[in-house]
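This report describes a predicted model. It considers a sheet, one of its strands, a chain contact and a helix pair in turn.

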Amino acid sequence: MEKTAEGIMSKDVIVTQNVSKTYGKPPLQVYALRETNLQIKQGDYIAIIGPSGSGKSTLMNLLGCLDKPTSGNIFIDGSDVSTLNENELARIRREKIGFIFQKYNLIPTLNALENVELSMGFAGVDSQVRTEKAKKLLEMVELSKRLTHKPSEMSGGEQQRVAIARALANSPSIILADEPTGNVDTKSGDNIMNILEEVNRKGETIIVVTHNMAIAQRAKRVLRIQDGVVQEGHV
Amino acid sequence: MFRDHVKLAIKNLRHRMSRSLLTLLGIAIGIMAIISLLALGEGMQQAVTGELSSLSDVIIVSTGGGGFSSFGGGGGSNGGYFTQRDIAVIERVQGIKEVSTQLSGVGLAEYNGKTTILSLTGMDAAVMKLQYASQTLDAGEFFNEGDQNKIMIGYSIAHDTFDADISVGGRIKINGEKFFVSGIFGKQGFGGVSSDSIVLMSSRDFQKLTGQSNISLIYLRVYNVNDAESIATTIQNAINQNHGKKDFATATTMTSILQTVQNIIGILQLVLVGIASIALVVASIGIMNTMLTSVMERTREIGIMKAIGATTRDIMSIFIIEGMLLSSLGGVIGIILGVFGSQALTLILRSFMSMGGGAFQLNPIITITSVVLAVAVSLIVGVLSSLYPAWKAARMSPIEAVRYE
């Protein structure tokens with residue numbers, strides 16, 4: 001099922017126009033991100049690299065609709081999200097974006113299956129359909145035997161794979177991964193990247209924030225960010 | 001969606017089991033207090049109503065109003081007593097089944113060599129039995145219509161007034177005339193007409209003995225209970241006109257006494273429930289505290305839920321459901337505890353009252369209304385006390401929350 005055909009690649013999933021994010025008021029204004037113009041196509045596999053404090057997290061939060069830009073516009077799947085209110089942003093997050101965090105961020109009181117089902121629950125998916133899909137996703141990340149395990153009963157690598165399954169649950173347009181291998185050993189990290197690349201081969205857009213050069217090298221495109229300025233870069 | 005929220009809320013409560021249980025206990029105690037005090041109040045209400053409503057066709061006319069006692073130099077002053085003219089007026093009023101009177105005076109009593117002045121009351125046996133129907137007798141029985149030289153005496157006359165105790169059949173000389181004790185009233189508890197220092201004889205004996213007929217009270221029975229109020233007013237006005245005073249007499253129906261007593265019990269009940277509500281307020285602060293702590297602890301969790309698409313409403317609803325689960329579960333446990341609590345309270349109260357020998361039968365009554373009220377109150381408490389924590393949770397920015405360690 002090769003979906004990396006050029007036809008699909010041509011569609012922009014994310015477009016940013018002169019996006020800036022500042023904190024504080026003049027004259028003490030600090031730019032976290034300056035006049036950023038990006039075009040990210042469907043099926044892209046992008047690594048964002050840069051030193052800490054460079055604006056990586058700010059860019060992630062903006063692309064993930066967790067935050068709004070101070071100026072400029074962000075289009076996700078063609079719709080301008082910079083003007084949306086809290087609840088509309090929540091809808092975009094649950095329909096278009098799948099998050100993977102460095103610290104997995106699973107809900108500690110829920111087991112693997114329930115964690116994967118949760119975002120589908122917020123999307124109003126019927127409970128039978130939801131369980132069916134969650135099982136399939138956990139099977140894909142090779143956790144069929146861990147369905148009823150709580151996060152505290154799983155290894156870091158396993159938790160991160162549950163998080164990947166959760167991110168894919170609502171079939172988002174974009175997967176945003178923030179240092180997905182930052183808290184796991186090399187072997188598990190490799191496994192996680194393999195899964196993400198497998199997902200990418202099926203047509204999913206993947207954006208990985210990292211300062212691990214080995215991880216960044218695996219991406220198709222690298223964006224380097226320094227002092228709030230984003231540039232096409234090389235590893 | 002709602003079912004998912006409930007599931008999440010239950011999981012969270014179970015995750016913090018001991019804290020949830022303690023919070024729940026707070027509500028349970030508050031509800032228990034309200035349920036048992038309401039049951040007790042309802043029990044009192046019904047006990048009193050049951051006793052008084054059998055007398056609902058009775059009107060009592062007494063000399064109320066202003067200061068006849070200040071004129072009452074020689075005891076024989078008729079300023080404070082009803083006259084035969086008053087009785088005649090009453091007998092002309094339509095709808096009255098019977099009229100009887102209570103006579104008052106004093107006499108010199110002698111027993112076992114000791115002499116003392118006692119106040120005497122004369123009334124017909126039928127009236128006596130009616131008026132003292134709720135009174136238990138310590139010993140003996142009521143004298144009957146037509147009995148002569150028989151008296152009923154109060155508990156303290158029998159035991160405290162003379163050097164020796166008086167028992168049934170005992171002989172007391174009053175104004176030189178011999179009287180036999182037919183019955184002794186039980187010691188008066190709280191409430192009711194005090195009978196502890198009473199000396200009761202028939203109206204005929206009273207008139208024979210004192211040569212007076214000072215009517216201090218008039219008892220009437222009406223045919224139709226519904227007319228009692230209007231008849232009472234008519235009589236009161238007529239007697240007042242006879243004496244040329246606006247407030248010489250007061251005619252009171254049992255219904256109005258009943259109402260007064262019910263009002264007093266109602267107020268008492270309100271005060272008790274008010275006190276119990278304090279427990280509930282404290283409990284609701286407990287819920288709020290628990291929920292706020294929970295919100296703080298779950299800052300990260302809330303952020304994650306928002307990041308994966310939970311709306312403000314989802315978060316609000318999860319926390320409010322948690323609060324409602326806590327309080328409604330506490331409410332149900334409180335109702336069950338309240339059933340036992342009201343029984344215990346009644347037992348304690350009964351043991352107090354039995355010292356007074358009252359015939360008052362007190363049983364706690366738990367009404368549907370009080371159960372519904374308790375459930376409603378606990379739900380409202382749950383919503384109100386989780387509203388602020390829920391709002392605080394929902395307002396969190398997902399970035400801050402996810403970053404929170």
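## The sheet of chain A

In chain A, six strands make up an open sheet, ordered β6-β7-β8-β3-β9-β10, with mixed pairing.

Helix α6 (residues 156-168) of chain A lies across β6 and β7 of chain A and runs at about 170° to β6(A).

Strand β8 (residues 205-209) of chain A has five of its five residues buried, so the strand is largely enclosed by the rest of the structure. A residue counts as buried here if 20 or more other C-beta atoms lie within 10 Å of its own. From β8(A), A:T205, A:I207 and A:V209 point one way, while A:I206 and A:V208 point the other way; all are buried.

Strand β3 (residues 45-49) of chain A runs parallel to β8(A) and is joined to it by four bridges. Within this pairing, A:Y45 has A:I206 as its bridge partner in β8(A), and A:I46 has A:I207. Strand β7 (residues 174-178) of chain A also pairs with β8(A) in the parallel sense, over five bridges; there, the bridge partner of A:D178 is A:V209. The chain passes from β7(A) through helix α7 (residues 186-201) of chain A to β8(A), a β-α-β crossover that is right-handed.

## Contact between chains A and B

In chain A, 21 residues are in contact with 18 residues of chain B. On the side of chain A that touches chain B, α3 (86-96) and α4 (112-122) of chain A each supply at least two residues. The largest share of that side, five residues, comes from α3(A).

## A helix pair in chain B

Two packed helices are described by the angle between their axes and the distance between the axes. For helix α8 (residues 254-297) and helix α11 (residues 368-394) of chain B, the axes come within 9 Å and cross at roughly 30°. Angles under 35 degrees count as roughly parallel, and α8(B) and α11(B) are therefore roughly parallel to each other. The crossing in which α8(B) passes α11(B) is right-handed.

Residues of α8(B) that meet α11(B) include B:L280, B:S284, B:I287 and B:M288.

Definitions and conventions: Residues numbered from 1 in each chain as written. Chains lettered and ligands numbered in written order. Predicted model: local features only at pLDDT ≥ 70, side-chain atom pairs only at ≥ 80, totals over all residues. Buried ≥ 20, exposed ≤ 12 C-beta atoms within 10 Å, placed from the backbone. Pairing = 2+ DSSP bridges. Right-handed = clockwise from strand over helix to strand, strands pointing away. Axes fitted to C-alpha atoms, helices over the stretch in contact; angles between N-to-C directions. Parallel < 35°, antiparallel > 145°, perpendicular 65-115°, else oblique. Left-handed = near helix turned anticlockwise from the far one by under 90°. Contact = placed C-beta atoms within 7 Å.
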